[in-house]
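Please open the entry below in your viewer and keep the selection panel at hand. The stops that follow go from the overall division of the chain to one pair of helices.

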Amino acid sequence: MPHIVLRLSLTTLTSEVDDGQQWKIHMHPMLTNAVKAARRAGTIINRASQDVGSIKVHSKNYNDFVSEVDHAAERAIIETLQEVYPDHGFIGEESGNDRTDAEHVWIIDPLDGTTNFLHGFEQYSVSIALMSRGQLEQAVVYDPSRNDLFTATRGRGAFLNDKRIRVSNRAKLQSAMIGTGFPFRDFKHLDTYLGMFKDMIKNTAGLRRPGSAALDLAYVAAGWFDGFWEIGLSKWDIAAGALLVQEAGGIVGDFEGNETWIDTGNIVAGNPKVFAQMLQVLAPHLTDDLKSKYQAVITE
Ligand code: IPD
Ligand code: CA
Ligand code: CA
């Protein structure tokens, strides 16, 4: 008996050490710097969250708010990265594009879930991705209110803090929990979305709309959501989260399963089985605008 107990505890110990060792190997220098930048932004966000009532807010467009916190967090991220990588390009939600033809381009959403943040609803994140020669290489999604750090480097897996994460292995959409985002600024696709929503309600165990697309994707990577879809997101909402999903063994595609998602922002993500079933549910609702137009242009 004691022999068995000893073997069991050694196995537990070994698997813990393995995750920790993998985490150290996983920490590519560029990822380490992205984490440093995300944590600096997180400190600014956490401090400001103590008194959201006093934050200065501007409306960019209908239902599109930006606060001084979004700007301060983005400045902190760009300054941190620019200090180490003066030749890199940037696509930042608040400061726009800079040298996007550079070999390495950082894609930044300093505060994903601004509406939640301004209401004191603690579901928001910092999202930073690195695209090198057109390929996503590094990803950080940081939830500052829970101190949850999701990271991935292409080919090295996805992690939550120092633990490896994987997408769920739930096989049936009918028992899946799916994240989504509602249209709330541009209502062009609202009726189409409501059709999708109705069919998803009928074909799943439940839908959730937490309000930070980057975190929704991180939750798919962690296996907490089995899938996610949303129409018309921006690059900075999805770049980091998508790499997390792929490195956790999941699939990311547009509504027809193709690669246009990074440009169109029409995105589906999930474990491989749920992903395929989500495409089937979405298919009858696809207007021309939501099909893989870009892909069609390339193959013509
Ligand atoms: C928004 C959030 C939200 C999604 C919106 C995004 P923001 O980002 O990700 O979940 O539904 O489409 O624009 O504006 O808070 O950075
Ligand atoms: Ca966003
Ligand atoms: Ca934002």
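This is a predicted model: local features need pLDDT of at least 70, side-chain atom pairs count only at pLDDT 80 or more; totals for chains, interfaces and linings use all residues.

The ranges to type are 26-165 for domain 1 and 173-299 for domain 2, into which the protein chain is divided.

Next, display the residues that link the two selections, where 32 residues of domain 1 are in contact with 24 residues of domain 2. On the side of domain 1 that touches domain 2, the elements giving two or more residues are strand 5 (104-112), helix 4 (114-118), strand 6 (125-132), strand 7 (135-143), strand 8 (148-153) and strand 9 (158-160). If you colour this side of domain 1 by residue class, you will find 17 nonpolar, nine polar and six charged residues.

Now select helix 2 (residues 29-49) together with helix 3 (residues 68-84), which pack with their axes 9 Å apart and at an angle of about 155 degrees. Because angles over 145 degrees count as roughly antiparallel, helix 2 is described as roughly antiparallel to helix 3. The crossing of these two helices is right-handed.

To see how the contact is made, show the side chains of Asn33, Lys36, Ala37, Arg40, Ala41, Ile44, Ile45 and Ala48 on helix 2, and, facing them from helix 3, those of Val69, Ala72, Ala73, Ala76, Ile77, Thr80, Leu81 and Val84. Coloured by class, the contact of helix 2 with helix 3 comprises 12 nonpolar, two polar and two charged residues.

Key
Residues are numbered from 1 along each chain as its sequence is written. Chains are lettered from A and ligands numbered from 1 in the order in which they are written. Axes are lines fitted to C-alpha atoms, for helices over the stretch in contact, and angles run from 0 to 180 degrees between N-to-C directions. Helices (H or I, at least four residues) and strands (E, at least two) are DSSP runs, numbered from the N terminus. Angles under 35 degrees count as roughly parallel, over 145 as roughly antiparallel, 65 to 115 as roughly perpendicular and the rest as oblique. A crossing is left-handed if the near helix is turned anticlockwise from the far one by less than a right angle, and right-handed if clockwise. Two residues are in contact if their C-beta atoms, placed from the backbone, lie within 7 Å. Ala, Val, Leu, Ile, Met, Phe, Trp, Tyr, Cys and Pro count as nonpolar, Asp, Glu, Lys and Arg as charged, and the others, Gly among them, as polar. Domain bounds come from an automatic or database domain assignment.
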